[in-house]
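Me: I would like to learn how to read salt bridges and sheets in a model. Please take me through one case.

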Amino acid sequence: MWKSLVVAIALTAASGSAFAASAVNKDAETRTLIVTEGGGKTELALAAGETVEFCPNGCFVTLPNGDLEALTGSETVEISGGVARIK
């Protein structure tokens, strides 16, 4: 019984580190997010219909309208009509 509990806890802990934020571009044109992580900035270009995972340990993201949002790594950024929403 204890062995099963220990295995379950270990699997839960291991799977918890695999989470990352995701971004989906529902527009017909490429949209760009600016991701600030660990002191460095990178541009994340999402082609039309593309979904990507990023930011596994938390980051800041600048949305297409210029808003800056903090992400913990479990959110989804959905871009539609040129507007990004955090879900």
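**Salt bridges, then the sheet**

Reply: The term means a side-chain nitrogen of Lys or Arg within 4 Å of a carboxyl oxygen of Asp or Glu. This is a predicted model: local features need pLDDT of at least 70, side-chain atom pairs count only at pLDDT 80 or more, and totals for chains, interfaces and linings use all residues. Residues are numbered from 1 along each chain as its sequence is written, and side-chain values use heavy atoms, with hydrogens and water left out.

Me: Which parts does the pair of Glu-78 and Lys-26 tie together?

Reply: Glu-78 sits in strand S7 (residues 76-80), and Lys-26 in the loop between strand S1 (21-25) and strand S2 (31-37), so the bridge ties parts 52 residues apart in sequence. Strands here are DSSP runs of E, at least two residues, and helices are runs of H or I, at least four; both are numbered from the N terminus.

Me: Is Glu-78 buried or exposed? And is Lys-26 buried or exposed?

Reply: Read the relative accessible area: buried is under 20%, exposed is over 50%, and partly exposed is in between (1.4 Å probe, protein chains only). Glu-78 has 15%, so Glu-78 counts as buried. Lys-26 has 53% and counts as exposed.

Me: Which residues are linked with Lys-26 in a network of salt bridges?

Reply: Glu-78 and Lys-87 are linked with Lys-26 in that network.

Me: How many salt bridges are there by this rule?

Reply: The count is 4. Among them is Asp-27 with Arg-31, at 2.8 Å from N to O. Asp-27 and Arg-31 are both buried. Arg-31, at 19% relative accessibility, also bridges Glu-29, at 3.4 Å from N to O. Glu-29 is partly exposed, at 46%.

Me: Now the sheet. How do strands pair in general?

Reply: Strands of a sheet pair through backbone hydrogen bonds, either parallel or antiparallel. The rule for a pair is at least two bridges found by DSSP. Here 4 strands form an open sheet, in the order S4-S1-S7-S8, with mixed pairing. Strand S4 (51-54) and strand S8 (83-86) are the edges, each pairing on one side only. From one strand to the next, the twist averages 20 degrees. For such angles, axes are lines fitted to C-alpha atoms (for helices, over the stretch in contact), and values run from 0 to 180 degrees between N-to-C directions.

Me: How many bridges join S7 to S8?

Reply: S7 and S8 run antiparallel and are joined by 4 bridges.
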